[in-house]
Amino acid sequence: MLAPRLRDLGLEVTCLDLSEDAPFPAGVRGVRADLNRPLPLEDGSFDAVVCVEGIEHVENPHHMLREFHRILRPNGWLLLSTPNILTLRSRWKFFFTGRFAKFSDFESGPDP
């Protein structure tokens with residue numbers, strides 16, 4: 001997971017999750033939040049925001065991006081990823097399984 005790796009580098013990490021049941025990694029601040037709603041975070045309180053494959057799941061991505069801008073400090077960084085469902089691999093997987101290929105962990109090998 002990304003959050004523990006960032007924590008181990010000495011960064012102060014805050015994770016957001018919608019689910020009440022989702023566990024947060026040890027040593028990481030956890031906040032329950034819905035990315036479709038105003039975030040319960042102070043303006044300009046983060047140097048960076050990382051959103052890993054989340055934007056494709058929200059109802060209003062523009063709202064989410066405005067909220068990220070609001071909580072970022074001036075000259076803060078936004079790192080955002082989204083699956084590339086247009087790759088040949090992803091299209092073939094969808095054709096045969098009805099699901100798109102996901103990004104895989106480098107250590108665990110390619111997605112079956």
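Trainee: Which side chain does Arg70 meet in a salt bridge?

Mentor: Good place to start, and please keep in mind that this is a predicted model. The partner of Arg70 is Glu67, with N and O at 2.8 Å in the salt bridge.

Trainee: How far apart are Arg70 and Glu67 along helix H2?

Mentor: Here is the general idea. An α-helix has 3.6 residues a turn, so residues three or four places apart point the same way. In this case, Arg70 and Glu67 are three residues apart in helix H2, which means that about one helical turn separates them.

Trainee: Is Glu67 buried or exposed? And what about Arg70?

Mentor: For this you read the relative accessible area: under 20% is buried, over 50% is exposed, and anything in between is partly exposed. Glu67 has 9%, so Glu67 is buried. Arg70 has 23%, so Arg70 is partly exposed.

Trainee: Which residues are linked with Arg70 in a network of salt bridges?

Mentor: Asp43 and Glu67 are linked with Arg70 in that network.

Trainee: Let me stay with the helix. Which residues of H2 are buried?

Mentor: H2 covers residues 61–71, and its buried residues are His63, Met64, Glu67, Phe68 and Ile71. Viewed down the helix axis, these residues fall within an arc of 140 degrees, so they line one face of H2. On the other side of the helix, His62, Arg66 and His69 are exposed.

Trainee: What do the buried residues of H2 pack against?

Mentor: They pack against two strands, E3 (46–52) and E4 (72–81).

Trainee: Could we take one residue from that face? Where is His63, and what is it in contact with?

Mentor: His63 sits in helix H2. Its relative accessibility is 15%, so His63 counts as buried.

Trainee: What does the salt bridge of Arg7 look like?

Mentor: Arg7 meets Asp8, with 3.0 Å from N to O.

Trainee: Now the surface. Which residues make the nonpolar patch?

Mentor: Leu2, Val50, Val52 and Leu79 make a nonpolar surface patch of about 360 Å². Take Leu79, which is found in strand E4. Leu79 has 56% relative accessibility and therefore counts as exposed.

Trainee: Let me try a loop residue. Where is Ala22 found, and which residues is it in contact with?

Mentor: Ala22 is in the loop between strand E1 (14–17) and strand E2 (29–32). At 14% relative accessibility, Ala22 counts as buried. Leaving aside neighbours within four places in sequence, Ala22 is in contact with Asp17 and Arg32. Between Ala22 and Arg32, the spacing is ten residues in sequence and 9.2 Å in space, C-alpha to C-alpha.

Trainee: To finish, in what order do the elements of the chain run?

Mentor: The chain has three helices and four strands, and from the N terminus on they run α-β-β-β-α-β-α. To read how the chain folds back on itself, look at how far apart contacting residues are in sequence. Among contacts between residues at least 6 apart, 42% join residues at least 24 apart.

Notes. Residues are numbered from 1 along each chain as its sequence is written. This is a predicted model: local features need pLDDT of at least 70, side-chain atom pairs count only at pLDDT 80 or more; totals for chains, interfaces and linings use all residues. Side-chain values use heavy atoms; hydrogens and water are left out. Buried means under 20% relative accessible area, exposed over 50%, partly exposed in between (1.4 Å probe, protein chains only). The arc is that of the directions from the helix axis to the C-beta atoms. Contact means heavy atoms within 4.5 Å. Patches are made of residues with over 30% relative accessible area and no salt bridge: like charges are joined within 9 Å, nonpolar side chains (Val, Leu, Ile, Met, Phe, Trp, Tyr) within 5 Å. Accessible areas come from the Shrake-Rupley method with a 1.4 Å probe; for residues, only the protein chains shown count as cover. A salt bridge is a side-chain nitrogen of Lys or Arg within 4 Å of a carboxyl oxygen of Asp or Glu.
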